[in-house]
Amino acid sequence: MSDVARHLAPFLTFAALLRRSGFAVAPEQMMAWLAAIELLGPTGIADVRRAARATLAPPPERFDEFDALFDAHFLGALSAGLESAPREEEAPRAADDSAGGPEPIFGDETRESGAKATGAERLSARRFAPASEDATLRRFARALPARAPRRRGYRWRTARGGPSTDARRMFRDAMRNAGEFVRMRRRKRRLRQRRIIVLIDVSGSMKERTQAHLAFAHTLVGAADAVEVFTIGTRLTRVTSALRLKNRERALTAASLLVADWDGGTRLGEALGAFLAVPRFAALARGAALVVLSDGLERGDPRAMRDAVERFARIAWRIVWLTPLAADAAFEPRTAGLLAARPFLNELGDGASIDSICAHVLDLAKARAA
Amino acid sequence: MAVRRTIVGIGSPRELEEALRAAYYLADEELATAAYLALALGKPLLLEGAPGVGKTEAAKAIAGVLGRSLLRLQCYEGIDAAAALYEWNFPRQMLALRQEREGAGQIDIYRDEFLIERPMLACLRRPEETVLLIDEIDRSDQEFEAFLLEFLSDFQISIPERGPIRAYERPVVILTSNRTRELHEALRRRCVYHWIEYPSPEREMRIIMLRASGVGERTARAVVAAVGRLRREPLAKRPGIAEAVEWAEAATLLNEQGARWPEAFRRSLGVALKDEDDFVHVSPKIDAILAEAQA
């Protein structure tokens with residue numbers, strides 16, 4: 001047995017290396033890979049690589065990284081590409097309120113103070129003034145259940161004029177009527193609410209509005225079935241369960257305690273990347289309506305932002321970006337980050353007032369994905 | 001894991017590559033390896049790539065090589081089990097019940113003749129005769145993807161009135177996706193995966209010569225160079241392999257009718273670019289591109 005283990009060791013450690021680097025490798029894929037290597041002979045390292053690509057299925061945009069890891073592991077050549085892309089360090093910048101207490105998970109502080117980081121993150125709780133848009137939010141909460149975006153569910157329900165016949169129900173009726181079909185029964189798919197994900201920018205440039213945005217998110221969490229709320233700045237924090245508290249003042253205070261990067265700089269691209277790097281979060285975005293409340297002022301690399309938004313566009317159902325700068329009708333995005341992200345947005349709209357944010361969310365279902 | 005080393009006499013990626021070439025499909029080594037592994041391991045083959053790189057063609061060629069008929073299931077938004085799996089022939093069931101009441105004796109209305117077979121069921125029932133192609137799966141909804149997951153892991157479905165139906169051997173299933181959205185990780189995991197790139201110029205030229213009739217080598221070379229150049233432009237719809245083949249054919253035809261060379265390419269450009277915006281974008285540069293390609 002130990003003999004077998006020794007022969008398998010290079011492959012198993014490679015899988016471990018991949019997992020550490022953020023590739024998802026399932027045991028069944030490992031088995032398929034080993035079976036594939038045996039099938040192919042193998043006649044050379046190229047066969048092993050081809051088998052790895054086919055069975056471990058790395059995503060195409062990470063082929064280079066995958067190959068670099070492969071070379072490093074099997075050929076012992078640490079390529080430059082690998083060193084410049086240390087996935088591991090980018091990943092863990094997500095804090096999750098459901099995982100533990102109100103203690104935020106801190107990022108790598110040496111990186112924080114690197115050249116790109118702007119301003120100190122203020123690790124302080126924040127007081128909230130009572131919100132003034134009460135009436136708007138109350139109207140919004142009443143209107144939302146009927147107008148939230150929906151998707152088709154898996155289950156059926158009877159419906160007059162539905163698209164297909166409900167044969168089973170008709171047969172059952174027929175039994176009662178001595179085998180006579182009296183009425184045509186039809187059915188349709190039950191509809192479910194699409195998940196809405198709200199990303200609130202809490203960086204310094206959005207300082208004036210974060211509180212109103214959180215109040216909005218609190219109303220949304222109370223009114224709709226499936227909502228997730230995150231704050232983004234220099235890091236990503238999940239505040240959904242804090243916002244589930246009924247009392248708004250208390251909910252906002254609880255949320256504010258979770259957020260560690262109030263009024264700091266903005267590294268939206270990296271924060272969005274962190275969102276996607278956590279599989280549990282990325283799964284939330286699948287088929288969801290994504291609402292981003294941000295001015296898109298990006299101090300980091302706009303390319304990171306572009307890549308993240310592009311991935312979001314492939315996963316999410318719809319992305320609506322609401323920026324306070326767009327209050328003017330003649331608004332054209334200027335910031336590098338927003339310009340980079342724009343091609344992937346379904347809508348770039350006015351987020352200057354709570355009124356307009358509410359209106360956009362209520363219209364999510366109306367506007368079909370472009 | 002049930003492994004079949006040899007399928008219809010094909011025992012290695014190289015042999016599969018040769019067989020595919022005989023079926024007029026030029027596969028590169030990576031694709032041949034992935035396809036061979038999928039067949040040997042009895043796993044579905046997932047092909048991803050930009051539109052027009054020959055994903056569906058690959059499936060057709062593989063079916064041809066295996067000597068099986070291709071069952072094609074085209075996905076669309078809103079596709080459901082009734083379109084993919086089976087449906088009861090309801091009007092006939094009703095008629096049968098009528099007949100039964102009028103004294104035709106007992107009729108089982110869940111017999112085969114009342115079952116309308118859709119591609120996935122057909123593939124389960126005749127795995128040794130068919131190849132199932134689930135085309136453009138990225139167009140379907142999540143709900144269908146989840147349903148597919150169940151099908152692809154066990155190759156078993158259950159019809160409530162009839163009980164489970166299971167394939168007695170692992171069917172050959174090929175999925176394609178244009179990657180307009182990301183597929184679920186669980187689905188990728190179950191498949192052997194291959195990302196089809198645009199072919200290398202050398203291979204694309206061979207494809208054109210193989211596919212198009214009467215296209216000269218110089219024409220093919222020029223088309224490949226021009227198409228490669230066009231693919232680097234930020235176009236809405238980049239020309240695929242099929243477009244390259246058609247462009248070469250169209251230009252050859254125009255040339256035979258008397259059009260001079262750069263002119264023949266320019267006039268038949270509509271075959272390669274099928275979007276007005278792309279056309280407008282490329283127009284100012286097209287002369288330079290063609291001159292460069294013909295050089």
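Ile159(B) has Gly163(B), in strand 7 of chain B, as its bridge partner. Strands here are DSSP runs of E with at least two residues, and helices are runs of H or I with at least four, numbered from the N terminus. This is a predicted model, in which local features need pLDDT of at least 70 and side-chain atom pairs count only at pLDDT 80 or more, while totals for chains, interfaces and linings use all residues. Residues are numbered from 1 along each chain as its sequence is written, and chains are lettered from A and ligands numbered from 1 in the order in which they are written.

**Hairpin in chain B**
- Strand 6 (residues 156-159) and strand 7 (residues 163-166) of chain B pair in the antiparallel sense over 4 bridges; strands count as paired if DSSP finds at least two bridges between them.
- A hairpin of 3 residues connects strand 6 of chain B to strand 7 of chain B.

**Open sheet in chain B**
- The 5 strands of an open sheet in chain B, paired in parallel, follow the order 2-5-8-1-9.
- Strand 2 (69-74) and strand 9 (192-196) of chain B are at the edges with a single partner strand each, so one side of each has no neighbour in the sheet.
- Strand 2 of chain B pairs with strand 5 (residues 130-135) of chain B in the parallel sense over 6 bridges.
- Gln74(B) stands opposite Asp135(B) in strand 5 of chain B.

**Contact between chains A and B**
- In chain A, 28 residues are in contact with 31 residues of chain B (contact: C-beta atoms, placed from the backbone, within 7 Å).
- Helix 2 of chain A gives the largest share of the side of chain A that touches chain B, 8 residues.

Definitions and conventions: Two residues are in contact if their C-beta atoms, placed from the backbone, lie within 7 Å.
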